[in-house]
Amino acid sequence: MKTQIHSQHSAPPHDGSYDNEALSCSTIDITAPNSGEPHGGLRGSNEFILSDSGKKVTGDDQTGQLNMWLQRKARSAFSEKMIKKRLPILRWLPQYNSTDAIGDLVAGITVGLTVIPQALAYAGIAGLPAAYGLYGSFLGCIVYIVFGSCKDVPMGPTAIASLLTFQTAGGNVGKAILLCFLSGVVELLMGLLGLGFLVDFVSGPVSSGFTSAVSLIIVTSQVKDVLGISAKGTTFIEIWRNIFNDIHNVQVWDTFLGLTCIAVLLIMRIISGLKVGPADDELKSKNHRIINKLMWLIGTSRNAILVVVCGAIGYSFQASAVAPFKLIGDIPPGLPSLKAPPFSLTANETMSGTEESFMEMVSSLGSGLIVVPLIALMENIAICKAFSNGKPVDATQELIAIGLANIANSFVQGFPGTGSLSRSAVNNASGVRTPLGNIYTMALVVLSLLFFTPYFSYIPKASLAAVIIAAVVFMVEVKVVKPMWRTKKSDLIPGLGTFIACLALPLEMGILFGVGLNVVFILYHAARPKISVERLTSPGGAEYLIITPDRCLIFPSVDYVRNLVTKQSIRQSLPVVIDCSHVYGADFTAATVIDSITQDFARRDQPLFFYNLKPSVCAIFEGLSPADFVVYYREEHLDDLLKQRAYKPKEVISA
């Protein structure tokens, strides 16, 4: 017996209108009085649409529709709202005032004192001369002022981007600069195409595992400078193996200076958080506020203070012709020349001693052309969310901003950069008001390049290594383990898997492994929906079994659902109702399984009904015209359906 409560499909009328077939599986009668038409005459028209000019555009007029779409896009792109959205400076600059200027000045100078020593140190992580860290720290700041949407982001080199640059470019200056340019191009294209959503595929646990692993790799890469030895490598295991192989060459003075600098930086970090006077700010005296501000400023500027002091120590030893420390060496004075990034390398610029064309350079950069932009976006979005105070973050605009900034940096020999979380925290704590704070940071970097580069050469490598270690060690996200364990323990698996993979493999392979592991978990949960089974009694007194899946029926899960339905129906030997209240989607595979299930129940002469099935899902199941496919929407209809089937309970079959 075949029971259907659907209206029959019919050919579309000649006038181009259509019936809403999704309503045809409902038992609710919405026929209008005296209309005689299905669904009360509710119809939709696909004959034509009207353009803004009032002209009729028929469904067959593809050229007209395309022209209309282009016109709408053009109007949208050049509308005042879109222009202000893509040039955020137009929103805040007209309201700029003296209070904003003071806040930006203080924050910009404070961040500048942080970025200079960090830029020198991060160049070492990237395997490049120290000057290139400064080269990538000023022009991008100007670009971000115009296009950036977050006031707290200071554009420049970061620890993670520097490590990725080293793993991708291998310490080759030309390739690092080209990587900066191409990363900017990729980021800009992603922004124009609206691909900012790609970062959503990197879950919190995977991001935490990646960040923690990168932090340990960076710390490991700086151990050699603290010990004063040579130990190269790109992965965590490789670096430590080389350190142990060269451990007999440890330099005592470098080690002493490095460990002392780390201790001093950690102490100064603690000082920045100390407060004197009453706990209530309103009860603090003027002297208390001055002392607290001074301690905060000293703690915040600890990197600059340490580098200046160590540079003076290095200079004093150098003047006496006795230099017990390894120094960073000469830095070319002045600003870098403005020129296009290298699109080919001469024999003298390559490790192999042979020329490389543009395509060969791109090929050698490999997956870094995708990984570097994505990780840069992740870092930047994390900063924007951290300081957005709940406001939405425009990932597309941030991609455009950091893309243009990296393209600009490549023309002054910079390597890839993005927003730095540590410098953003300093920026925010310093009271930054608008992105214009970047201009003061840029000014300090330019001044240092013009006047102070001769003195930078006396800075000991161990002190820069200490700056990196003291900053990066706090990026290891141990604090997320406990809440993750409390909320969902299984999330620890992709997080821990990413952490281990990034330590053992190149970073791009590690994060790909983490994302893949996360996708496997998602697919597993999709393939194993939670299904509740209850034995209930209908209003008429008939017992039945109700089975309720908690999500969509799609190809990974349908066999699991079918096996459970079959097992329970045979064991209970009762009418079965599948409650589809939570089934918001289905696919062809699910439709074939539903067809098979209805046939199995028909052969056993066992009633099977579907309750509260969504019209869109119902239409998918109806596509295969399954036998005895019955849908109802009111509980009281169940007894009527059982009477129609003349159902009589059978003896329970033991499983």
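Predicted model: local features only at pLDDT ≥ 70, side-chain atom pairs only at ≥ 80, totals over all residues.

Colleague: Which strand pairs with β8 in the antiparallel sense?
Modeller: That is β7, residues 531-537, and the pairing runs over seven bridges. As one example, Val 533 has Ile 547 in β8 as its bridge partner.

Colleague: How many residues sit between β7 and β8 in the hairpin?
Modeller: Five. Look at Gly 541 in that turn: its phi is positive, about 95°.

Colleague: And how does β9 run relative to β8, parallel or antiparallel?
Modeller: Parallel, with three bridges joining β8 to β9, residues 576-579. Ile 547 stands opposite Ile 578 there.

Colleague: Which helix goes with β8 and β9 in the β-α-β unit?
Modeller: Helix α23, residues 558-572. The unit is right-handed.

Colleague: New topic. How many salt bridges does the structure hold?
Modeller: Nine. Side chains of opposite charge can pair when their charged atoms come close.

Colleague: What does the Glu 356 and Lys 175 pair tie together?
Modeller: Glu 356 lies in the loop between α13 and α14, and Lys 175 lies in helix α8, so the pair links parts that are 181 residues apart in sequence.

Colleague: Are Glu 356 and Lys 175 buried or exposed?
Modeller: Both are buried.

Colleague: What about Arg 603? Which residue is its salt-bridge partner at 2.3 Å?
Modeller: Asp 600. Both residues lie in helix α24, residues 588-603. They are three residues apart, about one turn of the helix.

Colleague: Is Arg 603 buried or exposed?
Modeller: Exposed, at 62% relative accessible area. Asp 600 has 16% relative accessibility, so Asp 600 counts as buried.

Colleague: Last one, the surface. Which residues form the nonpolar patch?
Modeller: Leu 335, Leu 447, Leu 450, Phe 451, Phe 452 and Tyr 455. Together they have about 610 Å² of accessible area.

Colleague: Where is Tyr 455 found?
Modeller: In helix α18, residues 437-456.

Colleague: Why does Tyr 455 count as exposed?
Modeller: Because its relative accessibility is 53%, and exposed means over 50%.

Notes
Residues numbered from 1 in each chain as written. Heavy atoms only, no water. Patch = residues over 30% accessible without salt bridge, like charges linked within 9 Å, V, L, I, M, F, W, Y side chains within 5 Å. Areas by Shrake-Rupley, 256 points an atom, 1.4 Å probe, with all protein chains shown as cover. Salt bridge = Lys/Arg side-chain N within 4 Å of Asp/Glu carboxyl O. Helix = DSSP H or I, 4+ residues; strand = E, 2+ residues; numbered from the N terminus. Buried < 20%, exposed > 50% of the residue type's maximum accessible area, 1.4 Å probe, protein only. Pairing = 2+ DSSP bridges. Right-handed = clockwise from strand over helix to strand, strands pointing away.
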